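Me: I would like to go through this model and ask what stands behind the terms used for it. Please set each value against its definition.

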Amino acid sequence: MKFAPFCMLTAWRCCQPWIASDSAEAVHIAGQVGYPVALKLRSPDIPHNSEVQGVMLYLRTASEVEQAANAIFDRAKQVFPQARIHGLLVQTMANRPGSQELRIVVEQDAVFGPLIMLGEGGSEWRPEKQAAVALPPLNQALARYLVLQAVKGGKVRAHNVSRPLDIPALSQLLVKVSNLIVDCPQITRLEIHPLLASGDELNLLDVTLQLSNVNDNGQSRLAIRLILKSWKSGLH
C-alpha cells in the first residue's frame, strides 16, 4: 500500500510526499517545498529501505539533496541489482533537528500471532535486542507500559534528547497501530520508520505495509484472545 493513501485513510500525521524520478528532480522539488527535506527510495522489490540506507533525513541544501539521491540510487543498484527503482519520495520536514528517530514494527509470530515492537530508528534492526514487544490489542494503559518497558530496557531514550519523549502521545499512536492490526487482519507486516518524535509531535516519514488474504475476521490469530478462550474453557 502506498504511503500517502495510507495516511489519508488512517488520518495519521504524515508529511506530504512528492515523487522525483532522479536527483535533479529531487533538487527541484526540495527547492519548491522548502528545506530541510527527507529522501526515500521507491522500489516494490526492496522490502526495507534500511537495507540500502534508502532514507536520508534533514538535507538542507541542493548539494546535499543531489549527493544523497545519487548515493541512494547507487546503494540500491549495488545491493539489489535486479530491483525496479521508481525514483524517490521527497518530503519537507518540521525543522526539528533534535527530533528522536523511532521505529514501530508489527510482525507475525507463528505462536503468538501479531507482535507490536517499539525501538529506536537506524539502518540496523535487530528486534530481539533493540525492541520492546507487546501483544495486541492494546489500550492506553498497555501501550504506556510498552513505552515504559522500552525506556527501562534502554531500547528508547526518554530524556537525552532536545525535547523529552511525550509518553502519552506515543502511547496513543501505539493504540492506533493496535486497532489497525485488529481491525485489518489482512496486514501481515507493518513498519513505521522513521517516526520522528519531538515532544508530543510525532511525524510518520515512512510506512510500509504487507498484505495477504484472510479467510476469517482475524480475531483467532490474537494470542491474548486464545489465552482468554483457553482460560474460560478451563472454568467449565
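Predicted model: local features only at pLDDT ≥ 70, side-chain atom pairs only at ≥ 80, totals over all residues.

Me: Why are the buried residues of H3 said to line one face of the helix?

Reply: The buried residues of H3 are Val65, Ala68, Ala69, Ile72, Phe73 and Ala76. Seen down the helix axis, they fall within an arc of 130°, so they line one face. On the other side of H3, Gln67, Lys77 and Gln78 are exposed, a term that requires over 50% relative accessible area.

Me: Which elements do the buried residues of H3 pack against?

Reply: They pack against helix H2 (23-33) and the strands S2 (37-41), S3 (55-59) and S4 (88-92).

Me: What is the order of strands in the open sheet of four, and which sense does the pairing have?

Reply: The order is S1-S4-S2-S3, and the pairing is antiparallel. S1 (17-20) and S3 stand at the edges with a single partner strand each, so one side of each has no neighbour in the sheet. On average, neighbouring strands are turned by 25° against each other, direction ignored.

Me: How do you know that S1 and S4 are paired?

Reply: Pairing requires at least two bridges between two strands. S1 and S4 have four, in the antiparallel sense, and therefore meet the requirement. Within this pair, Ala20 stands opposite Leu88 and Pro17 stands opposite Gln91. S2 and S4, also antiparallel, are joined by five bridges, and Ala38 stands opposite Gln91 in S4.

Me: What makes S4 mostly covered?

Reply: Four of the five residues of S4 are buried.

Me: Which residues touch the most other members of the largest nonpolar core?

Reply: They are Ile104, Leu118, Leu146, Leu170, Leu174, Ile192 and Leu195, in a core of 32 residues. H6 gives the largest share of this core, nine residues. Leu170 is in contact with Leu102, Ile104, Leu118, Val147, Leu165, Leu195 and Leu202, leaving aside its neighbours within four places in sequence. Apart from this core lies another, of 19 residues, including Ile29, Ala69, Phe73 and Ala76. In soluble globular proteins, nonpolar side chains tend to be buried together.

Me: Why is Asn49 called buried?

Reply: The relative accessible area of Asn49 is 15%, and the cut-off for buried is under 20%. Asn49 therefore qualifies as buried. Asn49 is in the loop between S2 and S3. Not counting residues up to four places away in sequence, Asn49 touches Lys40, Leu41, Gly54, Val55 and Asp206.

Me: Why is Thr208 given as partly exposed?

Reply: Thr208 has a relative accessible area of 24%. Buried requires under 20% and exposed over 50%, with partly exposed in between, so Thr208 is partly exposed. Thr208 is found in strand S10 and touches Pro47, Arg189, Leu190 and Glu191, residues up to four places away in sequence not counted. The C-alpha atoms of Thr208 and His48 are separated by 8.0 Å, although the two residues are 160 residues apart along the chain.

Me: How many helices and strands does the protein have, and what share of its residues count as buried?

Reply: There are seven helices and 10 strands. Of the 236 residues, 45% count as buried.

Terms used: Residues numbered from 1 in each chain as written. Heavy atoms only, no water. Buried < 20%, exposed > 50% of the residue type's maximum accessible area, 1.4 Å probe, protein only. Helix = DSSP H or I, 4+ residues; strand = E, 2+ residues; numbered from the N terminus. Arc of directions from axis to C-beta. Contact = heavy atoms within 4.5 Å. Core = buried A, V, L, I, M, F, W, Y, C linked by side-chain atoms within 4.5 Å. Axes fitted to C-alpha atoms, helices over the stretch in contact; angles between N-to-C directions.
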